[in-house]
Amino acid sequence: MAQPVWTTEGGPPLDARDVDAFEQRYKLALPLPHREFLLATNGGRPERDLFKLRGLPGNPVGRIHFFFGLNDPVESSNLDWNLQVFQDRLPPGLLPIATTEGADKLCLSVAGAEAGRVFYWDAHARTGTNSLHLLAEDFGAFMLALQSDALSPIVLKS
């Protein structure tokens, strides 16, 4: 990725075998930018955590609480756990990759014509309304567009 997004509180360091095992277990292929992000950070709280939301009246901006990783001792911080818990609630082909400060999820499309796109899933959408909002055409573009403010986590770099 051209401009890294640093995180704090990520899971334990990963190597390519960990990501390969996840992809094989769930029969999916992660886009290269997301794979590189996992290998560099293994999830966590991002220093740039604000994203623009379009099509959701009253909510022009969202805030990422945590990116999910692999092999984290906190079960709910793992991609596996979130995929299993939310698979019946999310449209098919979406992998929850992060959570907001509420229950909403950021999802990566891993199947079909929309593979690679990043979506916002509104967990509180009323029946009959759109619960899915496109955020970016790909993970790399999504990460580059993230912003920060005074409430964003500060990641100390050594």
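In the predicted model, the protein carries 14 positive and 19 negative side chains, and the centres of these two sets are separated by 3 Å. The accessible surface amounts to about 8,400 Å², with carbon and sulfur atoms contributing 53% of that area.

As regards overall dimensions, the C-alpha trace spans about 45 × 40 × 30 Å along its principal axes. The radius of gyration is 15 Å, which agrees with the value near 15 Å that a compact globule of 158 residues would have. Of the 158 residues, 46% count as buried; among contacts between residues at least 6 apart in sequence, 55% join residues that are at least 24 apart.

The secondary structure comprises four helices and eight strands, which follow one another along the sequence in the pattern β-α-α-β-β-β-α-β-β-β-β-α.

In soluble globular proteins, nonpolar side chains tend to be buried together. In the present model, the largest nonpolar core contains 32 residues, and the residues with the most contacts inside this core are Phe-51, Phe-67, Ile-97, Leu-106 and Phe-142. Apart from this core lies another, made up of six residues that include Phe-86, Leu-90, Phe-119 and Trp-121. When residues up to four places away in sequence are not counted, Ile-97 touches His-34, Phe-66, Phe-67, Phe-68, Leu-79, Leu-106, Cys-107, Leu-108 and Phe-139; two members of this list, Phe-67 and Leu-106, are themselves named among the residues with the most contacts inside the largest core.

Phe-139, one of the residues touched by Ile-97, is placed in helix α4, which covers residues 139-145. Because its relative accessible area is 1%, against a cut-off of under 20%, Phe-139 counts as buried. The C-alpha atom of Phe-139 is separated by 6.2 Å from that of Val-118, although the two residues are 21 residues apart along the chain.

Leaving aside neighbours within four places in sequence, Ser-77 is in contact with Phe-66, Phe-68, Gly-69, Asp-72 and Asn-82.

Notes. Residues are numbered from 1 along each chain as its sequence is written. This is a predicted model: local features need pLDDT of at least 70, side-chain atom pairs count only at pLDDT 80 or more; totals for chains, interfaces and linings use all residues. Side-chain values use heavy atoms; hydrogens and water are left out. Contact means heavy atoms within 4.5 Å. A nonpolar core is a set of buried Ala, Val, Leu, Ile, Met, Phe, Trp, Tyr and Cys residues joined through side-chain atoms within 4.5 Å. Buried means under 20% relative accessible area, exposed over 50%, partly exposed in between (1.4 Å probe, protein chains only). Helices (H or I, at least four residues) and strands (E, at least two) are DSSP runs, numbered from the N terminus. The radius of gyration is taken over C-alpha atoms; the globule rule is 2.2 Å times the number of residues to the power 0.38. Accessible areas come from the Shrake-Rupley method with a 1.4 Å probe; for residues, only the protein chains shown count as cover. Lys and Arg count as positive and Asp and Glu as negative; His and the chain ends are not counted. The place of a charge is taken as NZ of Lys, CZ of Arg, CG of Asp or CD of Glu.
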